[in-house]
Structures are given as C-alpha cells and as structure tokens.
Amino acid sequence: MAKPNNKIKLGNIIIKVIFVMIILLFIVSNRNIYATEYKEANSWNQLKEIIDNTLNDLIITLKTGGDWNANSTIEIGKTQKIVLKSTNNIIMKRSSNLKDAPLFLIKGSLDIGIKEGMTGTITLDGNKSVVTGCSSTLVRIEGGILNLFDNAKLCNNMNKATKMTRDGTVKYYTAFGSA
C-alpha cells in the first residue's frame with residue numbers, strides 16, 4: 001500500500017512543478033504586460049511597428065518633425081492605451097493608397113497630445129490637395145476613446161454623410177473635422 005501513496009505524492013508534485021513552470025513562463029514572457037512603456041518614433045512606419053508589437057500602455061514621443069507619410073492604418077487594440085506627444089511640429093499626411101481606410105482605427109484609447117500640454121504639434125491631415133475621393137475619415141472609433149489635447153488637430157478630414165452597413169442595414173453618419 002505504501003507504493004500507491006508514493007505514486008500519488010509524486011504525481012501531485014509533478015503537477016505542482018508543471019503549474020509553477022507555466023506561471024513562471026507567463027510572467028517572464030509578459031513581464032511588462034501592465035506597465036507603461038516609453039518609446040520614440042521617427043516615422044509613420046516605425047510608429048505602426050511599435051504599436052503593433054505591444055500589449056502595453058505606451059507613451060510615444062514623436063521625434064522627427066515635418067511630414068509623415070501615413071500609408072497604412074494603425075489599429076489601437078481594445079486593451080491598449082496609447083499617448084502620442086511631440087516637441088516638434090509633425091503632420092501625419094494621408095497617403096493616396098489610404099483613401100478608403102482611416103489613419104487610426106481605435107478600439108482602445110488614443111490620446112494625441114497630453115493634458116499638461118506639449119511644445120510641438122501633431123496634425124492628422126487628410127491631404128486633400130493630393131488625395132481625392134476618400135471614403136473614410138482620418139480616425140474611426142470602434143468602441144474606443146480618442147482624446148485630442150492642445151496642439152493636436154485633425155484637418156482635411158472627410159466630412160459628409162456616408163453609407164455604412166452593419167448587420168445588413170444601412171446607416172448614415174457624419175464624420176468630424178474640417179473638409
């Protein structure tokens with residue numbers, strides 16, 4: 001009878017060791033999952049890469065001033081809280097290949113600028129002199145939050161009634177921003 005108890009004890013020990021290893025693996029692979037990270041971006045593509053490759057809350061300082069070519073949609077995930085700030089003047093201009101999609105698709109939270117104010121500016125620009133016939137706004141919010149603070153703005157945003165199909169029905173909405 002002593003042998004079965006030893007087998008049970010050994011089995012319990014193995015289960016506990018495996019459980020501890022799984023927890024340690026999770027902790028090591030996601031050690032900063034709830035921490036705010038601070039990053040820097042110098043271009044639209046680098047900004048997208050930083051946001052796409054993290055689950056964390058991010059405060060991103062946009063370093064390089066001037067025009068940034070917004071050539072793909074950046075999605076802010078449901079669990080993400082992203083803050084963009086700058087000490088330079090940055091214009092994120094819609095690329096002609098992005099006329100049917102937003103610059104930002106927000107399912108989580110995006111702050112452009114900071115409450116305390118920033119010395120630079122961040123402008124999302126629809127680039128209407130180059131990009132025509134847009135069917136998407138600069139920002140689309142799907143259950144998320146967008147905060148624009150001082151020195152942050154949208155310009156040349158599509159601003160007209162648009163058909164939008166959800167669950168087989170047609171809805172109309174009006175976008176915000178200047179046309």
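S72 is placed in the loop between strand 3 (66–70) and strand 4; helices (H or I, at least four residues) and strands (E, at least two) are DSSP runs, numbered from the N terminus. The structure is a predicted model, in which local features need pLDDT of at least 70 and side-chain atom pairs count only at pLDDT 80 or more, whereas totals for chains, interfaces and linings use all residues. Residues are numbered from 1 along each chain as its sequence is written, and side-chain values use heavy atoms, with hydrogens and water left out.

With a relative accessibility of 19%, S72 counts as buried; the term means under 20% relative accessible area, with exposed being over 50% and partly exposed in between (1.4 Å probe, protein chains only). Leaving aside residues up to four places away in sequence, S72 touches W44, K48, L98 and L103, where contact means heavy atoms within 4.5 Å.

One of these partners, W44, also takes part in an aromatic pair with F104. A search of the whole structure finds one such pair. Rings of Phe, Tyr and Trp (its six-membered ring) pair if their centres lie within 6.5 Å; planes under 30 degrees apart count as stacked, over 60 as edge-to-face and the rest as tilted. The W44–F104 pair is edge-to-face, at 5.3 Å centre to centre and 65° between the planes. Because W44 lies in helix 2 and F104 in strand 7, the pair ties together parts that are 60 residues apart in sequence. W44 is buried at 2% relative accessibility, and F104 is buried at 0%.

Two strands pair if DSSP finds at least two bridges between them. Three bridges join strand 4 and strand 7 (residues 104–106) in the parallel sense, and E75 stands opposite L105 in strand 7. Axes are lines fitted to C-alpha atoms, for helices over the stretch in contact, and angles run from 0 to 180 degrees between N-to-C directions.

A second open sheet has five strands in the order 1-2-5-8-11, with parallel pairing. Strand 1 (36–41) and strand 11 (145–148) stand at its edges with a single partner strand each, so one side of each is left without a neighbour in the sheet. Direction ignored, neighbouring strands of this sheet are turned by 15° against each other on average. Strand 1 and strand 2 (residues 57–62) run parallel and are joined by six bridges; in strand 2, T61 is the bridge partner of E40. From strand 1 the chain crosses through helix 2 to strand 2 in a right-handed β-α-β crossover, that is, with the strands pointing away from the viewer, the path from the first strand over the helix to the second runs clockwise. Strand 8 (residues 109–112) pairs with strand 11 in the parallel sense over four bridges, and I112 has L148 in strand 11 as its bridge partner.

Overall, the chain has two helices and 14 strands. Of its 179 residues, 36% count as buried. Among contacts between residues at least 6 apart in sequence, 66% join residues at least 24 apart.
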